[in-house]
Amino acid sequence: MKKIAVIGSGTMGNGIAHVFAQNGFSVSLVDISEEALNKALATITKNLDRIMAKGNLTEEQKGQTLDRITTYTDMKQGVQEADLIVEAATENVDLKLKIFKDLDAFAKPEAILASNTSSISITKIASVTNRPDKVIGMHFMNPVPVMKLVEIIRGYSTSDEVTSQVMDMSLQLGKVPTECNDYPGFVANRILMPMINEAIYSLYEGVAGVEEIDTIMKLGMAHPMGPLQLADFIGLDVCLSILNVLHEGFGNPKYAPCPLLVNMVQAGHKGVKSGQGFYTWIPGSKELVVADRFKKKYFAQ
């Protein structure tokens, strides 16, 4: 498999395209917006420059990587020759089902269809195609060029052969593929999201402030960033979506999203992407600044 198509050119999509291209694969990057595609190429270029500055990439290798990426606004044209298609669109069930119906119609019969979904059932996604044995989850971590893990999710009908091929390909990218079965949240988010939700509840109930909660988890549990900072980084809307999938999938109240999280998302405070979350995010600044409404040491809403 040498020809890859990536659907969606946002944070995850451009990261996935970057990693495949840097490792010698021909990549078709597909999005409905030419503006989004140009922005993605600019991001990839910036990230390659960062790697070059560390002495891990030459100018020639940078040019070769960018030359391997071709952009498309027409999905059919972008995927028709691909051996593997990785969908990295918004975490929305209806959207993903529509995309996979189209991919099944446009892609060659032997092509593998993968989703970068962080929580949506691979079995459900596969059910709208005529190739459920060739549908699999490839859950990359953000930022894709840096993070080693790829969570490989087998749908109910995913074949052993396809799983083996995708595991091998992930190794070619310098990643560490780890296989799991298709249940709500898989492994990463089934464990991570309840922790983030509990941190939000701790803030909501006035147990401690934003900085205190994150400091305790960073220094006490050796986490590189605290759960509230991480939630902002992931996107509070994404966290809410995953918790809703867990809550609906298991029917267990322990996965119910904290009302504070719901309110924040409804108010448009989604973390880094909106500039406001548990912290105030200033472009270009690495300083952690607690959002004004949470600056009281003990907050309750």
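Is Lys286 buried or exposed? In this predicted model, Lys286 has a relative accessible area of 86% and is therefore exposed, the cut-off for that class being over 50%. The residue sits in the loop between strand S9 (279-280) and strand S10 (289-290). Together with Lys46, Arg50 and Lys54, Lys286 forms a patch of positive charge on the surface.

Salt bridges were examined next. Side chains of opposite charge can pair when their charged atoms come close. The count in this model is 12 salt bridges. One of them joins Arg154 and Glu179, with an N to O distance of 3.6 Å. Arg154 belongs to strand S7 and Glu179 to strand S8, so this pair ties together parts that are 25 residues apart in sequence. The two partners fall into separate accessibility classes: Arg154 is buried at 18% relative accessible area, whereas Glu179 is partly exposed at 41%.

Lys273 and Asp237 also meet through their side chains in a salt bridge, at 3.0 Å from N to O. This pair links distant parts of the chain, 36 residues apart, with Lys273 in the loop between helix H12 (259-266) and S9 and Asp237 in helix H11 (residues 236-250). Asp237 is partly exposed, its relative accessibility being 22%. A further salt bridge is formed by Lys134 with Asp133, where the closest N and O atoms are 3.4 Å apart. Lys134 is partly exposed at 22% relative accessibility, and Asp133 is partly exposed at 29%. Glu87, Glu91 and Lys96 are linked in a salt-bridge network.

Glu91 is also among the contacts of Ser119, which, leaving aside neighbours within four places in sequence, include Pro184, Gly185, Phe186, Ile242 and Val245. Ser119 lies in the loop between strand S5 (112-115) and helix H6 (122-126). With a relative accessibility of 2%, Ser119 is buried.

Backbone geometry was then considered. Most residues other than glycine have a negative phi, and most peptide bonds are trans. Phe186, although not a glycine, has a positive phi of about 55 degrees. Phe186 is placed in the loop between strand S8 (176-181) and helix H8 (188-204), and is buried at 4% relative accessible area. Ala222 likewise has a positive phi, near 60 degrees. Its position is in the loop between helix H9 (210-221) and helix H10 (227-234), where Ala222 is exposed at 67% relative accessibility. The peptide bond from Asn142 to Pro143 is cis, with omega near 0 degrees. Pro143 is located in the loop between strand S6 (135-140) and strand S7 (149-154).

How values were computed: Residues numbered from 1 in each chain as written. Predicted model: local features only at pLDDT ≥ 70, side-chain atom pairs only at ≥ 80, totals over all residues. Heavy atoms only, no water. Patch = residues over 30% accessible without salt bridge, like charges linked within 9 Å, V, L, I, M, F, W, Y side chains within 5 Å. Areas by Shrake-Rupley, 256 points an atom, 1.4 Å probe, with all protein chains shown as cover. Salt bridge = Lys/Arg side-chain N within 4 Å of Asp/Glu carboxyl O. Lys, Arg positive; Asp, Glu negative; His and termini not counted. Charge placed at Lys NZ, Arg CZ, Asp CG, Glu CD. Helix = DSSP H or I, 4+ residues; strand = E, 2+ residues; numbered from the N terminus. Buried < 20%, exposed > 50% of the residue type's maximum accessible area, 1.4 Å probe, protein only. Contact = heavy atoms within 4.5 Å.
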